[in-house]
Amino acid sequence: MLLENRINNDILKKRLHSENFIRRTISFYKYVNIDDPALFRDEIYKAWFKLNCFGRIYVAKEGINAQMSVPEHNMPQFLNHLQSIAYLKDVPVKYAIVDDGKSFYKLTIRVRPKIVADGLDDREYDFSKVGKHLNAFEFHELVGAPGTIVVDMRNNYESEIGRFTNAICPDAETFRDAIKIVLNDLKDQKDKQILLYCTGGIRCEKAGSVLLHHGFENVGQLYGGIIEYAQQIKNAGLTSKFTGKNFVFDERLGETVDGKIISKCHQCGNPADSHTNCSNNSCHVLFIQCAECAQKYKGTCSYSCMDVITNRIAC
């Protein structure tokens with residue numbers, strides 16, 4: 001059995017859109033010592049391929065980070081399989097806030113040095129010491145409380161479209177840079193209560209350890225991240241303190257939390273919160289574009305990129 005998908009992506013996308021059943025988008029992660037990541041990768045690929053699962057999964061010596069699309073009719077079998085794996089027993093599974101079932105169109109599982117690129121030396125930090133896990137309601141109560149500092153551990157293009165009230169949002173394009181900025185900007189506030197959050201919680205596990213190592217006294221993290229917070233707060237009928245859209249790393253590129261738009265189109269400045277990649281593949285920059293500009297610029301980020309694809313079409 002070939003343990004990767006080599007079918008043309010366009011064909012796979014057509015197959016996805018022709019499916020007559022419902023898919024659920026889920027995510028989970030776990031820091032756990034995996035003895036043989038390559039062998040583990042092959043075992044879960046074979047099992048999840050049979051269940052017609054799609055997704056992007058990273059496996060490393062330190063654990064697993066997964067974003068997946070699972071057929072609803074296969075979900076019980078998939079969850080049972082998760083429980084049968086010693087490494088993944090009792091792993092918390094998070095469900096997408098807004099889900100059209102089109103988040104992924106193939107199954108990709110890769111072995112990486114780390115499940116999140118953090119640029120950290122594992123020998124320097126004790127990653128068993130993490131910030132206090134706060135559930136959605138505990139975090140909700142603390143946001144805006146006197147003496148607390150809320151910190152967004154995501155990248156700038158993520159926080160641009162959605163964030164918690166009065167959160168500090170580092171102007172960083174990578175997680176490793178975000179950590180450096182937070183350490184520097186808050187170096188004189190180590191006695192304050194620091195509240196960390198990210199998409200699903202995985203980045204806060206590492207960030208919390210780093211802050212504790214550098215002398216921060218009171219570090220908490222939103223357990224389950226924005227995804228779990230949005231679900232729990234909505235179900236409880238509370239007003240969300242997260243405003244805007246939650247950026248996600250799949251075909252959707254975002255899921256709204258409260259329906260509000262806090263960002264602007266990068267081309268005309270009108271309200272917009274839809275990320276896209278420039279349709280000029282030699283550019284492919286990620287940016288925010290409204291529907292009008294998407295039509296005007298033919299899905300590109302500039303007139304120069306539009307000229308490139310227009311000329312290619314003309315040829």
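## Helix H8

The buried residues of helix H8 (residues 225-235) are Gly-225, Ile-226, Ile-227, Tyr-229, Ala-230, Gln-231 and Ile-233. Buried means under 20% relative accessible area, exposed means over 50%, and partly exposed lies in between (1.4 Å probe, protein chains only). Helices (H or I, at least four residues) and strands (E, at least two) are DSSP runs, numbered from the N terminus. After H8 comes Gly-237, with a positive phi near 75 degrees.

## About the model

This is a predicted model: local features need pLDDT of at least 70, side-chain atom pairs count only at pLDDT 80 or more, and totals for chains, interfaces and linings use all residues. Residues are numbered from 1 along each chain as its sequence is written, and side-chain values use heavy atoms, with hydrogens and water left out.

## Aromatic pairs

How many aromatic pairs does a search of the whole structure find? The search finds 14. Rings of Phe, Tyr and Trp (its six-membered ring) pair if their centres lie within 6.5 Å. Planes under 30 degrees apart count as stacked, over 60 as edge-to-face, and the rest as tilted.

One of the pairs joins Tyr-29 and Tyr-31. It is edge-to-face, at 6.2 Å centre to centre, with 70 degrees between the planes. Tyr-29 counts as buried, at 10% relative accessibility. Tyr-31 counts as partly exposed, at 26%.

Phe-164 and Tyr-197 also form an edge-to-face pair. Their centres are 4.6 Å apart, and their planes are 75 degrees apart. Phe-164 lies in strand E8 (residues 162-164) and Tyr-197 in strand E9 (residues 193-197), so this pair ties together parts that are 33 residues apart in sequence. Both residues are buried. Together with Phe-139, Tyr-229 and Phe-242, they form one aromatic cluster. Tyr-229 is also among the buried residues of H8.

## Charges over rings

A charge sits over a ring if NZ of Lys or CZ of Arg is within 6 Å of the ring centre and within 35 degrees of the ring normal. The charged end of Arg-23 sits over the ring of Phe-54, 3.8 Å from its centre. The charged end of Lys-206 sits over the ring of Phe-127, 4.8 Å from its centre.

## Cysteines

A disulfide is a pair of cysteine sulfur atoms within 2.5 Å. By this rule the count is 0. Cys-268 is in no disulfide; its nearest cysteine sulfur, that of Cys-290, is 3.7 Å away. Cys-268 is partly exposed, with a relative accessible area of 37%.

What about Cys-305: is it buried or exposed? Cys-305 is buried, with a relative accessible area of 9%. Its sulfur is 3.8 Å from the closest cysteine sulfur, in Cys-278, so the two are too far apart for a bond.
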